[in-house]
Amino acid sequence: MAALLIYYSLLPFFALASSLDLPSHGCYWTECQSKWFGGCSSHFSADLSDNCNGLCGESDSPPCLPFHTHFHCCIPETPKVTNRCGRCNNKLDFGEEYICCTDCSEPYIMDKASKLGYCKSGAQLAMQLKPQETFKWVSGPWMKCSAPCDGGVRYRDVACFGSTAGTSVKQYPVDDARCSLKDMPPRQEACNLQRCVDFSISESTNYEKRGVSGWFIALIVLLGLVAVGGIAFAGYTYYKRRTSTSSGFVYIMMEGYS
């Protein structure tokens, strides 16, 4: 019994010798090791837990001696580039890319700067770049001017919209901070800057011109109607003279019978 205890206590020192049997990524169970002196190899360990904090299944190895257990160790790795993260619900958002496991299980990240982590399911850690998103200002139509003359102000709606390449949605509203302030179109501007006095004189002049023009057109129409009536009357008179026949009695006076 003492020999077995010594053997299990020394197992951590032979971890490097069996490192060739370790998987290239994911997690693995160790042989029985001492609960006080055992654990994962310092070169590969990421999770030093005898039950993986309740998230891992039981080891397939036989039960260990008292005060010994199987440690569940995970190998940290840098995520490889893939296009599978978009369909996974268990993915981590890192701004410009997603981090996920190739089997869509939950990924665990040890260092956010280097994105070093692992998948406890044994799947490979992956990274997918987000589709490129662009932002631009979109302007609506100008509203009616606030004054007809002497200077008014008119407004329009200006908002920041985003678009993502490769999606069916062409544009969608986002926060204005996403767009460049120096490229922002004006939301208001001055309008109807002419003086109200000049505006009235101009309107009166135009009205007078429209009045003279109306009388002139009426006169031309009247003269045209008179001309047409005269031509019709002359034609009717000429027609009646041509179609009428002379009739009556002719008296011949003879001198001998007078």
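First, a term for later: buried means under 20% relative accessible area, exposed means over 50%, and partly exposed is in between, with a 1.4 Å probe and protein chains only.

Now the ground rules. This is a predicted model: local features need pLDDT of at least 70, side-chain atom pairs count only at pLDDT 80 or more, and totals for chains, interfaces and linings use all residues. Residues are numbered from 1 along each chain as its sequence is written, and side-chain values use heavy atoms, with hydrogens and water left out.

The sheet comes next. Strands here are DSSP runs of E, at least two residues, numbered from the N terminus. Two of them pair if DSSP finds at least two bridges between them. In what order do the 4 strands of the open sheet run? The order is β3-β8-β5-β4, and the pairing is mixed. β3 (80-81) and β4 (92-93) are the edge strands, each pairing on one side only.

β3 and β8 (residues 125-129) run parallel, joined by 2 bridges. Lysine 80 has alanine 126 in β8 as its bridge partner.

On to the salt bridges. The rule: a side-chain nitrogen of Lys or Arg within 4 Å of a carboxyl oxygen of Asp or Glu. How many does that give? The count is 4.

Pair one is lysine 130 with aspartate 93, at 2.6 Å, N to O.

Pair two is glutamate 97 with lysine 115, at 3.3 Å, N to O. Glutamate 97 is in strand β5 (residues 97-101) and lysine 115 in the loop between β6 (107-111) and β7 (116-119), so the pair ties parts that are 18 residues apart in sequence. Here glutamate 97 and lysine 115 are both buried.

Aspartate 176 is partly exposed, with a relative accessible area of 30%. Arginine 187 is partly exposed too, at 35%.

That's it from me.
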